[in-house]
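Let's read a protein model step by step. Look at the sequence and the structure first, then work through the questions.

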Amino acid sequence: MGTTLREIIFNIGGGIKDNKKFKAVQIGGPSGGCLTEEHLDMALDFDSLTDAGAMIGSGGMVIMDEDTCMVEVARFFMNFTQNESCGKCVPCREGTKIMLSILEKIVSGKGTVEDLDLLEELSDTITNTALCGLGKTAANPVVSSLKYFRDEYLTHVVDKKCPTKTCQGLKVIEISPELCKGCSKCSRICPVGAISGKIKEPYIIDQSKCIKCGACIESCAFTAIKEA
Ligand code: SF4
Ligand code: SF4
Ligand code: SF4
């Protein structure tokens with residue numbers, strides 16, 4: 001108690017693996033909140049964590065680096081909490097299910113700005129009306145990540161991109177017409193027949209068919225296929 005997050009993470013914990021940039025720390029178990037760089041010098045205690053939107057909870061910390069997608073983190077923890085919901089009360093039983101489905105929609109590239117408002121509304125309702133602590137704290141990762149990483153959510157729902165290239169549904173695999181030699185190897189490897197073209201001319205990927213498996217990237221000897 002009283003030790004700063006910076007000291008715990010960087011001095012005691014040894015810092016971020018591979019010298020990557022610190023992005024967030026999720027404190028308190030699956031129902032804990034995600035805090036950011038601005039909280040690193042905060043002295044840890046029950047009140048400071050609650051004020052910042054996290055909690056001591058189980059005492060666990062998950063430290064995340066620059067490669068972590070905060071929307072996917074929120075989805076991951078909501079999935080856990082939803083599975084743990086006993087089903088006795090409606091707000092938690094149904095609410096966490098709807099929140100999870102919205103987060104799944106966003107990471108698959110089908111989210112909208114209205115979904116963010118709905119997530120906030122549901123968070124508020126579940127927190128205030130669920131019967132026990134599980135439901136009352138279930139929305140914490142969503143609320144805190146929406147508060148501190150809203151831009152990242154907006155990039156998912158408006159620009160249809162995942163800034164860390166984590167979300168499979170938002171990946172765009174493209175062939176460079178300058179580098180493609182038209183050898184056809186990728187089109188023979190693609191499991192869904194999404195690549196077409198004529199020999200010795202640049203091939204193209206039909207984005208509506210592509211399932212983003214990445215097999216074609218590996219197959220091209222001319223490194224003409226990349227994730228955009
Ligand atoms: S809030 Fe508690 S009682 Fe209600 S469904 Fe969730 S786990 Fe069960
Ligand atoms: S494998 Fe590479 S070079 Fe050959 S057609 Fe595909 S993108 Fe073009
Ligand atoms: S990523 Fe997979 S599905 Fe998409 S074009 Fe390449 S091989 Fe086909």
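Ala, Val, Leu, Ile, Met, Phe, Trp, Tyr, Cys and Pro count as nonpolar, Asp, Glu, Lys and Arg as charged, and the others, Gly among them, as polar. Keep in mind that this is a predicted model.

Q: Which residues come nearest to ligand 3?
A: There are 14 residues around ligand 3. Five of the names to look for are Cys190, Cys210, Cys213, Ala215 and Cys216, which come nearest.

Q: Which helices each supply at least two residues of the shell around ligand 1?
A: Start with the residues that surround ligand 1, including Cys89, Cys92, Arg93, Leu134 and Gly135. Now compare them with the helix bounds. The helices that each supply at least two residues are H4 (90-107) and H6 (133-137).

Q: How do the residues of the shell around ligand 1 divide by class?
A: The shell includes Lys88, Ala130, Leu131 and Cys132. Sorted by class, it has two charged, three polar and seven nonpolar residues.

Q: Is the crossing of H3 and H4 left-handed or right-handed?
A: Follow H3 as it passes H4. The crossing is left-handed.

Q: How do the residues of the contact of H3 with H4 divide by class?
A: On H3, the contact residues include Val71, Glu72 and Met78. On H4, they include Lys97, Leu100 and Ile106. By class, the contact has four charged, four polar and eight nonpolar residues.

Q: Which residues in H7 meet H3?
A: The axes of H3 and H7 (residues 140-148) come within 8 Å and cross at roughly 170°. These helices are therefore roughly antiparallel. H3 brings Met70, Val73, Ala74, Phe77 and Met78. In H7 they meet Pro141, Val142 and Ser145.

Q: How many residues of the contact of H3 with H7 are charged?
A: Seven residues of this contact are nonpolar, and one is polar. The charged ones number none: there are no charged residues.

Q: How far apart do the C-alpha centres of domain 1 and domain 3 lie?
A: The protein is divided into domain 1 (5-65), domain 2 (70-157) and domain 3 (171-227). Take the C-alpha centres of domain 1 and domain 3. They lie apart by 42 Å.

Technical notes:
Residues numbered from 1 in each chain as written. Chains lettered and ligands numbered in written order. Predicted model: local features only at pLDDT ≥ 70, side-chain atom pairs only at ≥ 80, totals over all residues. Near = placed C-beta within 6 Å. Helix = DSSP H or I, 4+ residues; strand = E, 2+ residues; numbered from the N terminus. Left-handed = near helix turned anticlockwise from the far one by under 90°. Contact = placed C-beta atoms within 7 Å. Domains from an automatic or database assignment. Axes fitted to C-alpha atoms, helices over the stretch in contact; angles between N-to-C directions. Parallel < 35°, antiparallel > 145°, perpendicular 65-115°, else oblique.
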